[in-house]
Amino acid sequence: MAFTTPPPLGDDQALAIVAPSRPPDATKLQIGRERLAGLGVETRVFPTADPDRDEPASPAARAADIEDAFADPEIGAVMAYTGGDDQIRVLRHLDGDALAASPTRFFGYSDNDNLRLFLWNRGIVSYGLGVHPDLVCDADLHTYTERYLRRALFEESLGRIVPADEWTDDWFDFEAREPREWDDTPGPTMWVGPEGDSAEPVRGRVWGGTFAIVKWHLQTDRYLPAPDRLDGAVLALETSEDVPPPREVGYTLRAMGERGLLERFDGVLVGRPRTNAPPLEWDPDPDEYPAELENVVTRELGRYVPDAVAGFGYDFGHTDPSFPLPLGAVATLDPEEKALRFGPD
């Protein structure tokens with residue numbers, strides 16, 4: 001199946017804000033709309049994103065909102081307000097043919113990776129970032145996030161990704177409006193398996209997203225692509241505020257290996273992991289967790305796809321700032337230059 005990168009947002013088009021997971025907080029929604037307006041983007045709030053809602057709309061209503069936004073010729077992009085934990089229930093209500101007939105740039109991640117993997121199956125490229133938290137959790141929109149959001153809205157591809165100079169996984173206190181603490185960014189690393197050639201770049205379409213959502217799709221087995229469509233692809237994973245124990249990530253990759261899926265990927269991209277999270281059943285060490293995660297990923301790659309190239313510590317997912325990871329786009333991982341690029345097809 002051929003892939004389509006939906007056209008950039010047009011000058012005469014608006015961006016639809018929808019809530020496929022949870023409805024918005026009125027204050028945060030307004031901040032997000034103001035920041036999009038600062039980019040020259042007109043926004044329209046669709047019914048599921050009405051801030052007066054106390055509970056999410058029904059799965060069928062959330063699906064209808066997405067379909068309506070895609071079908072509206074005055075809408076050139078669709079952005080999810082935020083994530084959640086039940087969007088997989090929406091997918092059975094979606095008309096994939098209708099979405100494919102009106103491909104539109106969709107923005108969202110976390111729970112919204114359910115929809116993005118659904119769009120992947122229909123050959124539609126989609127992007128990370130959402131209104132909350134990405135656009136609203138600091139006094140100003142971070143320049144790094146703004147740079148790549150502009151590309152995702154208005155250009156054909158993201159191009160080369162330059163690592164951010166700083167990062168944080170601090171929560172933001174909307175009442176106190178205190179600035180968050182930022183750390184210097186350790187640069188991304190790349191691993192080349194023992195059978196790989198460090199001079200050879202890997203190039204393939206990106207599939208994956210938030211680890212929990214990928215795991216759901218493996219478990220339900222309702223929305224996985226045909227295995228041969230993953231041949232030569234790049235697997236993207238980021239671990240979210242769930243902070244899964246590294247062994248759990250390793251077990252899932254091992255199961256993918258035994259299922260004959262992991263060997264189909266030529267490359268792997270792992271987002272910068274966060275460790276600041278709600279109370280967990282275990283106590284991760286923020287200094288050790290990234291290395292532990294890298295170790296289990298490279299261990300399983302060495303077992304099942306030893307010629308793969310893997311990149312770690314990229315700025316997508318649940319840390320700030322972030323670039324909008326484009327699922328379905330062609331990524332190039334160049335181990336010699338330690339470079340990451342998206343597009344052209």
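Glu300 and Arg303 join their side chains in a salt bridge, 2.9 Å from N to O. A salt bridge here is a side-chain nitrogen of Lys or Arg within 4 Å of a carboxyl oxygen of Asp or Glu. The two residues sit three apart in helix 8, so about one helical turn separates them. Glu300 is buried, at 0% relative accessibility. Arg303 is partly exposed, at 48%. Buried means under 20% relative accessible area, exposed over 50%, and partly exposed in between (1.4 Å probe, protein chains only).

The pair belongs to a network of salt bridges that links Arg254, Arg299, Glu300 and Arg303.

## Basis of the model

This is a predicted model: local features need pLDDT of at least 70, side-chain atom pairs count only at pLDDT 80 or more, and totals for chains, interfaces and linings use all residues. Residues are numbered from 1 along each chain as its sequence is written, and side-chain values use heavy atoms, leaving out hydrogens and water. Helices (H or I, at least four residues) and strands (E, at least two) are DSSP runs, numbered from the N terminus.

## Bridges across the sequence

The structure holds 18 salt bridges. One of them pairs Arg160 with Glu337 at 3.5 Å, N to O. Arg160 lies in strand 5 (residues 159-160) and Glu337 in the loop between strand 13 (330-334) and strand 14 (339-342), so the bridge ties together parts 177 residues apart in sequence. Arg160 is partly exposed at 41%. Glu337 is partly exposed at 47%.

Arg259 and Asp221 form another salt bridge, at 2.9 Å, N to O. Arg259 lies in the loop between helix 7 (246-258) and strand 11, and Asp221 in the loop between helix 6 (211-220) and strand 10 (233-238), so this pair ties together parts 38 residues apart in sequence. Arg259 counts as partly exposed at 41%. Asp221 does too, at 45%.

## A buried arginine

Arg116 is in helix 4 (residues 113-121). At 2% relative accessibility, Arg116 is buried. Its side chain reaches the backbone oxygen of Gly108 at 3.0 Å.

## A negative surface patch

Asp283, Asp285, Asp287, Glu288 and Glu292 form a negative surface patch. Patch residues have over 30% relative accessible area and no salt bridge; like charges are joined within 9 Å, and nonpolar side chains (Val, Leu, Ile, Met, Phe, Trp, Tyr) within 5 Å.

Asp287 lies in the loop between strand 11 (265-271) and helix 8 (289-304). At 68% relative accessibility, Asp287 is exposed.

Methods
Areas by Shrake-Rupley, 256 points an atom, 1.4 Å probe, with all protein chains shown as cover. Lys, Arg positive; Asp, Glu negative; His and termini not counted. Charge placed at Lys NZ, Arg CZ, Asp CG, Glu CD. Polar contact = N/O pair within 3.5 Å; in protein donor to acceptor, adjacent residues only side chain to side chain.
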